[in-house]
Amino acid sequence: AHKLYVCRTLSLVSEIINNRLFQVLREQKSLLYAVHFSYIYFDFADAGISHLSLAPFPNKVTETINEAFTVLSDLKAGTSITPQEFEEAHGPLVASCHTGLSSNDFWLSALMHLHTSSSPKDLRCLRQLPEYYSQLTLDDALYVLRKYIRLDLPAVSIVTTGPEKP
């Protein structure tokens with residue numbers, strides 16, 4: 001396997017999780033303004049860290065947190081990634097790689113951690129990025145979700161509006 005298989009697949013899985021959280025918490029249950037899930041690789045911990053950011057409606061903070069953890073638990077425990085969820089995240093990720101090749105932001109992100117001894121990344125890893133992402137499969141996403149992502153203890157950021165404390 002490619003030395004960045006896990007990191008790159010985690011990017012895809014993070015997008016799938018984001019889509020599921022947005023669909024359930026925002027579209028279906030109308031609990032929040034915004035939600036974002038990210039997996040921060042080795043910036044803060046050897047195994048990385050899951051980060052969940054929520055902007056719930058002021059009167060729905062507790063309900064939003066509970067529902068967010070339910071979505072994450074369901075993903076990990078068996079309410080698996082559907083082929084449709086995979087394609088909804090995979091297609092845009094591959095497209096953004098193709099369009100990103102001409103932007104400085106893309107290359108700065110790709111070069112991040114290249115200089116650190118803790119990173120498995122080297123210059124060879126930067127070749128054929130769009131092709132690499134296009135080859136990821138639903139099975140890859142399921143494998144990495146189950147083996148590497150700890151959804152039970154994410155770092156959580158909550159932002160609310162209004163004068164009341166959450």
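Lys29 is partly exposed, with a relative accessible area of 36%, where partly exposed denotes the range between buried (under 20%) and exposed (over 50%), computed with a 1.4 Å probe on protein chains only. The structure is a predicted model, in which local features need pLDDT of at least 70 and side-chain atom pairs count only at pLDDT 80 or more, while totals for chains, interfaces and linings use all residues. Residues are numbered from 1 along each chain as its sequence is written, and side-chain values use heavy atoms, with hydrogens and water left out.

Lys29 is paired with Glu67 in a salt bridge (a Lys or Arg side-chain nitrogen within 4 Å of an Asp or Glu carboxyl oxygen), and the closest N and O atoms of this pair are 3.4 Å apart. The pair links distant parts of the chain, since Glu67 belongs to helix H2 whereas Lys29 is in the loop between H1 and S1, 38 residues apart; helices (H or I, at least four residues) and strands (E, at least two) are DSSP runs numbered from the N terminus. In total, 2 salt bridges are counted. Arg20 and Glu85 form a salt bridge whose closest N and O atoms are separated by 2.5 Å, and this pair also joins distant parts of the chain, with Arg20 in helix H1 and Glu85 in helix H3, 65 residues apart. Both Arg20 and Glu85 are buried.

The protein chain contains 6 helices and 3 strands, which follow one another along the sequence in the pattern α-β-β-α-α-α-α-α-β. Of its 166 residues, 40% count as buried. Among contacts (heavy atoms within 4.5 Å) with a separation of 6 or more, 70% are accounted for by residues 24 or more positions apart.

Apart from neighbours within four places in sequence, Ile17 is in contact with Phe37, Leu72, Leu75, Leu145, Ile149 and Leu151. Leu145 is itself one of the buried residues of H6, together with Asp140, Ala141, Leu142 and Val144, and the elements that cover the buried residues of H6 include H1, H2 and H3.

Ser30, in the loop between H1 and S1, has a positive phi of about 50 degrees although it is not a glycine, and its relative accessibility of 39% places Ser30 in the partly exposed class. Most residues other than glycine have a negative phi. Ser38, by contrast, is found in strand S1 and is buried, with a relative accessible area of 18%. When residues up to four places away in sequence are not counted, Ser38 touches Ser14, Ile49, Ser50 and His51.

Trp107 lies in helix H4 and is partly exposed, with a relative accessible area of 31%.
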